[in-house]
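Biologist: Could you take me through the strands of this protein?

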Amino acid sequence: NTADASTNALHLTPEGLTFGPGVVGQAAVFDGQARATLPLDDFMRGDTTFSLLVWFRTSADVYSQTIVSNHPMCAYSDAGFSLDYYGTAAPDGPFFRAVLVPVTVQANVNLSDGRWHHAVAVFDHDTVSLYLDSVHLGSETSVYRATDNDLFIGYARDEYVGCGGPGESYFVGSIDEVSVLPYALRAEDVR
């Protein structure tokens, strides 16, 4: 379902998505070309405290896959955040990471197993904490700089010429239950 379950009326704009079995009901299926965009509420445009939760699964072992992002895929982006998975084809792969530009929290883990995984990234003022399947993978300190970008699901926006092309960083698999909360979850609340 692409409708907002909250009272915010922020509805997903899908492009090329299909749907299949999800964690709860139906999940969005991404084929490496499909993508979706979610307009962000005002709290994301200036506040520095929020939590991002998402269920995902993939069996693709490609170089890089962006699960959710609100910054361009280029390394020289100076604001925003993302959750990404890099397969064994990536240097130092496989690994899963949360980026709060310019800081990265990263863990070496192979997630190309076709199983559902629950990722939680908590952005609390100047700290980003990453959880995967209820396990704390790490935290780093950074200064969050908001962007005017929306939330890109299954891809990172490639707004600069020479910054990748169609299909680069696009997700291959299923994504379900994307939630953005206007507060930082406590470690004991991450399940």
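This is a predicted model: local features need pLDDT of at least 70, side-chain atom pairs count only at pLDDT 80 or more; totals for chains, interfaces and linings use all residues.

Biologist: Start with β6. Is strand β6 enclosed or open to the outside, and why?

Modeller: Strand β6, residues 64-69, is largely enclosed by the rest of the structure, because six of its six residues are buried. Buried here means under 20% relative accessible area.

Biologist: Which sense does the pairing of β6 and β7 have, and over how many bridges?

Modeller: The pairing with β7, residues 81-86, is antiparallel and extends over five bridges. Within it, Tyr86 of β7 lies opposite Ser64.

Biologist: And how many bridges join β6 to β13?

Modeller: Two bridges connect β6 with β13, residues 151-153, and these strands run antiparallel. Val68 has Ile153 of β13 as its bridge partner.

Biologist: Changing topic: what is the order of the strands in the open sheet?

Modeller: The open sheet has seven strands in the order β2-β3-β14-β5-β10-β11-β12, with antiparallel pairing. At its edges stand β2 (18-21) and β12 (135-141); each has a single partner strand, so one side of each is left without a neighbour in the sheet.

Biologist: What is the average twist?

Modeller: From one strand to the next, the twist averages 30°.

Biologist: How many bridges are there between β3 and β14?

Modeller: Four bridges pair β3, residues 26-31, with β14, residues 172-181, in the antiparallel sense. Ala28 has Ile175 in β14 as its bridge partner.

Biologist: And where do side chains point in a regular strand?

Modeller: As a general rule, they alternate between the two faces of the sheet.

Definitions and conventions. Residues are numbered from 1 along each chain as its sequence is written. Side-chain values use heavy atoms; hydrogens and water are left out. Buried means under 20% relative accessible area, exposed over 50%, partly exposed in between (1.4 Å probe, protein chains only). Two strands pair if DSSP finds at least two bridges between them. Axes are lines fitted to C-alpha atoms, for helices over the stretch in contact, and angles run from 0 to 180 degrees between N-to-C directions.
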